[in-house]
Amino acid sequence: MTHSPMQKLAHALRQNGLIRFIEHFAEQFPDNHLKDLAVDMLGPDRRMAVAGHEVINFGSDSFLGLDQDPRVIEAVKHGVEKWGTHNGASRAFASVQANVEAEQKLAAWLGTEAALIYPSVTLANMGAIPGLVGRQDLLVVDEYAHNSIQEGAKIAKANGVRLATFSHCDPEHLTRVLKESAPYRCAVVCIDGVYSMSGALPPLAELDAVARAHDAVLYVDDAHATAVLGRQGRGTVLDALGNYDNTLVIGSLSKGFSCMGGFIGCTMEFQRLLKIRSNTFIFGGPVAPAYLEAVCVVCDILSSGEYELLQARLRSNCRTLVEGLKNLGLAVLGGETPIVSVLVGDEADTLSAGSFLFERGYYVQSVTFPAVPYHAGVLRIQVNANHLRESIRGLIDAIAALKTRIALPGPEQLQKQAA
Ligand SMILES: Cc1ncc(COP(=O)(O)O)c(C=O)c1O
């Protein structure tokens, strides 16, 4: 039997290890899989409906709950009336004034000279990383850095840049890699400000000291810290390092900001250079103007006294959850950021645990291999400032019930994993 080129392509894709793994799980656990959900309704207090089933959503990165804030919603509406739905031009040709204002407001809030907005953090990383380095340069990436950093690094490598990795959050290994890779013209060290799968925070001051000692610049993807950590929500870098002298900082406008896009905080000089060198900036479209209007409103909220109130609510919700989970004797990861993971382990158990909670009215993400190591599946819980206290307590009770059904590991398992 002959096959069309399209059939042959699909067949070849089915040989891919990841596709086989995912399809195997989807087939084996059709009711537990809970991936690729179609959401029918997002309501106040993080209520969400999926296929007629109402749950409390613990899977949103909109940590401060600003997606439901009337001022932010109004800014988007006003932006659509003012600019239409999309201006449809590459920024290499023209940007709307809202883009210029949003970048100025972001820089003023962040404490950098300038900022450059991209349509997403993924596109910032895939444009800026290969744009920053050339054939005589070195790129060093934390082994667990976000996928978009790894993809940006692959493009740089394909362009002839030397690429090295260093062990996760390990300044000593970074030192060795930089020493062994010398000589180079310039070096850029890429890390996450928060590792969202584990909630780990890198030792920024040590990594910065190593980078400086070896003539390297630090590139920090702070997507999960933007609007959530640091004074006025400026992320991890300024609080840890005191300045941005040796750091390019990348932030998200889609998570804590509840708008859309990503940005790089930098000097005016780097803003100009990155505009010329980032292919994703030049050859792709921009964030829709209405969302840039909303970014300006969120910058005002973050810069005001109200930020402390939002942050206090978020911290208090996190504390309640983490304490409740620890009292249940579970292995809890994270908690310094609003991403809290409960270790389950086995892949099938992790999927069953997610659907058990879903049936009881709580959506959390079941994260399994390859997003986490094999047999180290977790329930990933994203805490938001607009979760009601009773929803957090309800989730803890549901996890207590889960524990009677599935053997969940205790905290000693975390020490074993770390060893
Ligand atoms: C560190 C990091 N970078 C980038 C991204 C992707 O951001 P975006 O959705 O803006 O492309 C994420 C998403 O979770 C992330 O955790």
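## Charged patch on the surface

A patch, as the word is used here, is made of residues with over 30% relative accessible area and no salt bridge, where like charges are joined within 9 Å and nonpolar side chains (Val, Leu, Ile, Met, Phe, Trp, Tyr) within 5 Å. The model is a predicted one, in which local features need pLDDT of at least 70 and side-chain atom pairs count only at pLDDT 80 or more, while totals for chains, interfaces and linings use all residues. Residues are numbered from 1 along each chain as its sequence is written, and side-chain values use heavy atoms, with hydrogens and water left out.

On the surface of this model, Arg315, Arg319, Arg389 and Arg393 gather in a patch of positive charge. The elements that give two or more residues to the positive patch are α13 (306-327) and α15 (389-405), helices being DSSP runs (H or I) of at least four residues and strands runs (E) of at least two. Arg393 lies in helix α15 and, at 47% relative accessibility, counts as partly exposed, a class that falls between buried (under 20% relative accessible area) and exposed (over 50%), with a 1.4 Å probe and protein chains only.

## Nonpolar patch

A nonpolar patch on the surface is formed by Met6, Leu9 and Leu13, which together have about 340 Å² of accessible area, a value that comes from the Shrake-Rupley method with a 1.4 Å probe. Met6 has its place in helix α1 (residues 5-13), and with a relative accessible area of 64% Met6 is exposed.

## Aromatic pairs

The structure holds eight aromatic pairs, in which rings of Phe, Tyr and Trp (its six-membered ring) have centres within 6.5 Å, and planes under 30 degrees apart count as stacked, over 60 as edge-to-face and the rest as tilted. In one of them, the rings of Phe21 and Phe369 have centres 5.3 Å apart and planes at 75°, so the pair is edge-to-face. This pair links distant parts of the chain, since Phe21 is in helix α2 (residues 17-28) and Phe369 is in the loop between β14 (365-367) and β15 (377-382), 348 residues apart. Phe21 counts as buried at 19% relative accessibility, whereas Phe369, at 31%, counts as partly exposed.

Phe358 and Tyr363 also form an edge-to-face pair, with 6.4 Å from centre to centre and 90° between the planes. Phe358 is buried, with a relative accessible area of 7%, and Tyr363 counts as buried at 12% relative accessibility. Phe21, Phe25, Phe369 and Tyr374 form one aromatic cluster.

Technical notes: Salt bridge = Lys/Arg side-chain N within 4 Å of Asp/Glu carboxyl O. Lys, Arg positive; Asp, Glu negative; His and termini not counted. Charge placed at Lys NZ, Arg CZ, Asp CG, Glu CD.
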